[in-house]
Amino acid sequence: MGEFKVHRVRFFDYMPTAIRAMAFNAHTERLALGRMDGSVEIFNFADHYFQEKVIPGKDSRSIEALCWVGGRLFSAGLNGEITEYDLENLRPKYSLEAYGGPIWTITSNSQGAHLAIGCEDGTVKLFEVLEESIQFERNLDRQKGRIISLSWHPSGTQIAAGMMDMIRVFDVPTGRAVQRLLVDRGFGGSKSRETVVWSVVFLSDCTIISGDSAGKVQVWDGHTGTLVKTHLVTKWDVLALSVSKDESSVVVGTSEGTVIQFQFIAPTLQQQQDKEWVRTRTFKNHTHDVRALAEIETAIVSGGMDTQLVVRPLLEKFDERSHASALRKIQFPHRNLVFCAKKAGLLLFQFPGQLELWRLGESDGHGKPGDSLPLKRKPEKLLHLKRKGEDHICCSALSSCGGWLAYSTMSSVRLYRLQTDNNDISITKVPKLPKILRSAHQLCFSSDSSKLFAASSQSSVLVIALSQSECKYVHTLKPKSGSRQPIHLMTNSVDGKWLATANSDCEIHVYNVQKLKLHCIVPVYGSCPSAMGIHPTTNNLTMVHADQQIFEYSIVEKQYTDWSRKLQKQGLHNLWLDRDTPVTHVTFNPKNPEQILLHDMHMFCIIDQSLPLPDQKTQFYNQMTLRSLSEQERPSHLHAFKICKTFQVSVWPGRTQTGTISGFCWIYLIYSRIVTVHIFVPNCLMGDLGSVSVNPNEYIQIKTLCLLFQQNSLKQFFSSDLLEAWVYNNSVVNLS
């Protein structure tokens, strides 16, 4: 047998929702991203595009547009409300009814003094931005038809509004409409349909650029209201526009999944003085509608219905090809959504609307490294727990013994007692929780399941004592730094003595849980921690940051370990540093105290501290080379980093110890992402699809296609690799 038995878990059917809106703050280099479920994500583009904050969604909340005013974030949606967000407590600060019906767009002037919103009832409403809130000021001239898109002139004196079949230009001081720009309808049969102006941008020279549902990008003279040029870029909709800071470039997002760049340049070398808007590039990085765009200084950022955030660097902005100039696709959350009861062999899956509890399968087989072992008991879904209320789940936790389960929304924390008996499970809600326990950013149980730690406001942690009879508040652990930023990571030691927390200010605090006081503060490093863990025997804290740097800190001695100092002195291998996804989990091998296990979405790594560190000349990915060498030659080629990339996508690895499987097992979660594909089903197959009834050109879920694939109905049209993520192969696989 190999060193580990590995569970391949393929029943975590988590699916992110589509990206609906985004806004980039050039001063803080933060990108705010709004999704269809009403959640908001904040990415720090100055720190390797790390997802540092997530504000959970709500059933009744709709996000149609986002807008930054200084460091304040606002959203508007089809529920008719404007919402400002509390970025320290990760919740809406307040919501204000606009009384204009559904809101399609929101934007601020360059001075940050006013917000303008476009409403269903045809009004453009102005709101004054106050220190702690916003206040309605007045309406501009009401129009017939909804206001779909808005753009302020940089001077703040005019607003361009995209509508049905036209663009209106408003004079802000008087509130009057001063220009009407009529937009042509499409060609052929589409001429009978209204043209929707989905997006407009208003440039400083009074040029207006629009994108519409007829597939046109049009350039207008805002002074005279005349059309300058039309670019037909797609047969379908142009959904989004974004202009660069210097107004020399405009990017366009379409419903075909393409992003098109226009630049204000001379059409020929001989006409350098006569510049015009010229189509220069087309990018195809999305499969469906591109609903949101942002052109920042060095890249084009796009998102849409395929749920992924794409960062495409502009190569002319870089002197040489490097890691910074590589294409990035951010597809998965930079946080844990899976939790393991190590002693009970249970897995908890977190979804926005529910929690699922599963029991792992078991195998009593033996084999060689790489063998697939047959299961004597298949994985079993034990519990499906739906949340209460409209607020989505923001965090959850499962105790190591499997006896406690907790989750939090923005409005409440719920705690449950679990009891499992063979195939039966009972769940009991703890009725009375301490009043101070209102909500939490992170939750975790102590290793002996006697305490619950809840990350609260201002980087504080509530300590709750658990017993069979009651749940009692014990103490609040507070940092001395006075940071108001939320905690996004929390881990505790196996001996129950230490608790470590990390917040968005890059601060890591270590508390003595037994004495209920702050023990030490780890020296602040400039990049945000993405994962950390406390070693079960040495109590050393291992931290990995968004820039891929690794540190090991001795909690007892309050200093970095010798191994960590050696690593920082020599430096990490460039191939490690050039990875574009953050490490999201740290754990340890209990059989070998010198082994640290890390993972990101595409890589699983074992760091063996007993082996030499690789230098820049060392072959970093050397697993295939080692296999080809003899036992006598291998030691001279070994180094500390052992990396596996033989899986597709991993959401979470962890370990469990059970009596039914000897030793320790490592669990992999393969991310089963449902996507919708557009296919044509030939008529000759219409009667061959079994009980599934489909029509030509119908949208079919890949999960359905998998069933058809297993019935050999569509094998000739789809490769097994495409559907492999949906074929449930409930086996225990050894990857040693």
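Which residue takes a positive phi in the hairpin of S27 and S28? In this predicted model, that residue is Thr-307, whose phi lies near 75° in a hairpin with four residues between the strands.

**View 1. Strand S28 and its two pairing partners, S27 and S29.** Strand S28 covers residues 309–313 and is mostly covered, since four of its five residues are buried. Towards strand S27, which runs over residues 299–304, the pairing is antiparallel and is made over four bridges, and here Ile-300 has Arg-312 of S28 as its bridge partner. S28 also pairs in the antiparallel sense with strand S29, residues 328–330, over three bridges, and in this pairing Leu-309 has Ile-330 of S29 as its bridge partner.

**View 2. The largest cavity, with Ile-330 among the residues nearest its centre.** The structure holds seven cavities of 30 Å³ or more, and the largest of them has a volume of about 140 Å³. Its lining is made up of 13 residues, of which Lys-329, Ile-330, Gln-331, His-334 and Thr-581 lie nearest the centre of the cavity.

**View 3. An open sheet of four strands in the order S35-S36-S37-S38.** The strands of this sheet pair in the antiparallel sense, and its edges are formed by strand S35 (395–398) and strand S38 (424–429), each of which pairs on one side only. Neighbouring strands are turned against each other by 20° on average, with direction ignored. Strand S37, residues 413–421, is joined to S38 by an antiparallel pairing over six bridges, and Tyr-416 stands opposite Lys-429 in S38.

**View 4. Arg-417 and its surroundings, with Trp-404 and Gln-468.** Arg-417 lies over the face of Trp-404, at 4.7 Å from the ring centre. Although Gln-468 and Arg-417 are 51 residues apart in sequence, their C-alpha atoms are 8.6 Å apart in space. Gln-468 belongs to the loop between strand S41 (461–466) and strand S42 (471–477), and its relative accessibility is 62%, so this residue counts as exposed.

**View 5. Arg-579 over the face of Trp-576.** In this arrangement of an arginine and a tryptophan, Arg-579 lies at 4.0 Å from the ring centre of Trp-576.

**View 6. Two edge-to-face pairs, Phe-45 with Tyr-49 and Phe-127 with Phe-136.** The structure holds 18 aromatic pairs, among them the edge-to-face pair of Phe-45 and Tyr-49, whose rings are 4.7 Å apart from centre to centre with 70° between the planes. Both Phe-45 and Tyr-49 are buried. In the pair of Phe-127 and Phe-136 the ring centres are 5.5 Å apart and the planes stand at 70°, so this pair too is edge-to-face, because an angle over 60 degrees between the planes is what that class requires.

Definitions and conventions
Residues are numbered from 1 along each chain as its sequence is written. This is a predicted model: local features need pLDDT of at least 70, side-chain atom pairs count only at pLDDT 80 or more; totals for chains, interfaces and linings use all residues. Side-chain values use heavy atoms; hydrogens and water are left out. Rings of Phe, Tyr and Trp (its six-membered ring) pair if their centres lie within 6.5 Å; planes under 30 degrees apart count as stacked, over 60 as edge-to-face and the rest as tilted. Buried means under 20% relative accessible area, exposed over 50%, partly exposed in between (1.4 Å probe, protein chains only). A charge sits over a ring if NZ of Lys or CZ of Arg is within 6 Å of the ring centre and within 35 degrees of the ring normal. Two strands pair if DSSP finds at least two bridges between them. Axes are lines fitted to C-alpha atoms, for helices over the stretch in contact, and angles run from 0 to 180 degrees between N-to-C directions. On a 1 Å grid over the protein atoms alone, a cavity is a set of points where a 1.4 Å probe fits but cannot get out, and a pocket is an open set with protein on both sides within 12 Å along at least five of seven lines; lining residues have an atom within 4 Å of a point. Grid points are joined across faces, edges and corners, and a volume is the space filled by probe spheres set on the points.
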